[in-house]
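Please walk me through this chain. I want the fold, the cores, the surface and the side-chain pairs.

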Amino acid sequence: ENVKNELDLILTKGLTTLVVSCKTAKFNKEHLYEIKYLTDRFSLGSKAVILYSSTQAVDEEGHLTDDLAPVKARAKAMGVYLIDLNELGDKSLGEVLVEIAKGIYEVA
C-alpha cells in the first residue's frame, strides 16, 4: 500500500535478468539507488538498467543541470547501465539490451 518503488520491465536472456526503469523526465542519483536496490533484491546475477531520454539531471543541491557526467560516473561505479535513447546510434534498443544481458555492452 505504501510502496512507491516500481519496475518498468523485467527481461531475461538465458540465466541473466535485466531490471529496467524508464525515465523520461529529469533524473537524479536517487533513481540509481532505487534501481540498484530493487535489482539486488530481485535475484543473483541481475543487472540494473535505466533507459532515459532526458538531457537534464538534478544535481547534488537539487538544481537542474545539463551536466550528466556526475550521474553517469556514479551509475558506472554502481554497475547501473544508463542507456540514453537519443544516443543509440546504429543499434536498436533490443540489440543493446541483449548485449547487456550477454555481458558485452560497454558502459560509457
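The report below goes from the overall fold to single residues.

## Basis of the model

This is a predicted model: local features need pLDDT of at least 70, side-chain atom pairs count only at pLDDT 80 or more, and totals for chains, interfaces and linings use all residues. Residues are numbered from 1 along each chain as its sequence is written, and side-chain values use heavy atoms, with hydrogens and water left out.

## Overall fold

The chain has 3 helices and 6 strands. These are DSSP runs numbered from the N terminus: helices are H or I with at least four residues, strands are E with at least two. From the N terminus on, the order is β-β-α-β-β-β-α-β-α.

Of the 108 residues in the chain, 34% are buried. Buried means under 20% relative accessible area, exposed means over 50%, and partly exposed lies in between (1.4 Å probe, protein chains only). The accessible surface comes to about 6,800 Å², and carbon and sulfur atoms account for 50% of it. These areas come from the Shrake-Rupley method with a 1.4 Å probe; for residues, only the protein chains shown count as cover.

Contact means heavy atoms within 4.5 Å. Take the contacts between residues at least 6 apart in sequence: 61% of them join residues at least 24 apart.

In soluble globular proteins, nonpolar side chains tend to be buried together. A nonpolar core is a set of buried Ala, Val, Leu, Ile, Met, Phe, Trp, Tyr and Cys residues joined through side-chain atoms within 4.5 Å. The largest one here has 13 residues. Leu32, Ile35, Ile50, Val80 and Leu82 touch the most other members. Helix H1 (29-42), strand S3 (47-52), helix H2 (69-78) and strand S6 (80-84) each supply at least two residues of this core. Another core, of 11 residues, lies apart from it and includes Leu51, Tyr81, Leu88 and Ile100.

What does Ile50 contact, leaving aside its neighbours within four places in sequence? The list is Ser21, Lys23, His31, Leu32, Ile35, Val80, Tyr81, Leu82 and Ile83.

## Ser21 in strand S2

Ser21 sits in strand S2 (residues 16-23). Ser21 is buried because its relative accessibility is 4%. Beyond its neighbours within four places in sequence, Ser21 contacts Asp8, Ile35, Val49, Ile50 and Leu51. Leu9 is 12 residues away along the chain, yet the C-alpha atoms of Ser21 and Leu9 are separated by 6.7 Å.

In H3, the buried residues are Val96, Leu97, Glu99, Ile100 and Ala101. Their cover includes strand S1 (9-13), S2, S3 and S6. Just after H3, Gly103 takes a positive phi of about 80°.

A search of the whole structure finds 1 aromatic pair. The rings of Tyr81 and Tyr105 have centres 6.2 Å apart and planes at 55°, so the pair is tilted. Rings of Phe, Tyr and Trp (its six-membered ring) pair if their centres lie within 6.5 Å; planes under 30 degrees apart count as stacked, over 60 as edge-to-face and the rest as tilted. Tyr81 lies in strand S6 and Tyr105 in the segment after helix H3 (93-102), so the pair ties together parts that are 24 residues apart in sequence. Tyr81 is buried, at 13% relative accessibility.

## Salt bridges

The structure holds 2 salt bridges. Each is a side-chain nitrogen of Lys or Arg within 4 Å of a carboxyl oxygen of Asp or Glu. Asp40 pairs with Lys36, with the closest N and O atoms 3.5 Å apart. Asp40 and Lys36 are 4 residues apart in helix H1, so about one helical turn separates them. Lys36 is partly exposed at 25% relative accessibility.

Lys91 and Glu99 form a salt bridge at 2.8 Å, N to O. Lys91 is partly exposed, at 36%, whereas Glu99 is buried, at 17%.

## Nonpolar surface patch

Leu7, Ile10 and Phe42 make a nonpolar surface patch of about 240 Å². Patches are made of residues with over 30% relative accessible area and no salt bridge: like charges are joined within 9 Å, nonpolar side chains (Val, Leu, Ile, Met, Phe, Trp, Tyr) within 5 Å. Phe42 lies in helix H1 and is partly exposed, at 40% relative accessibility.
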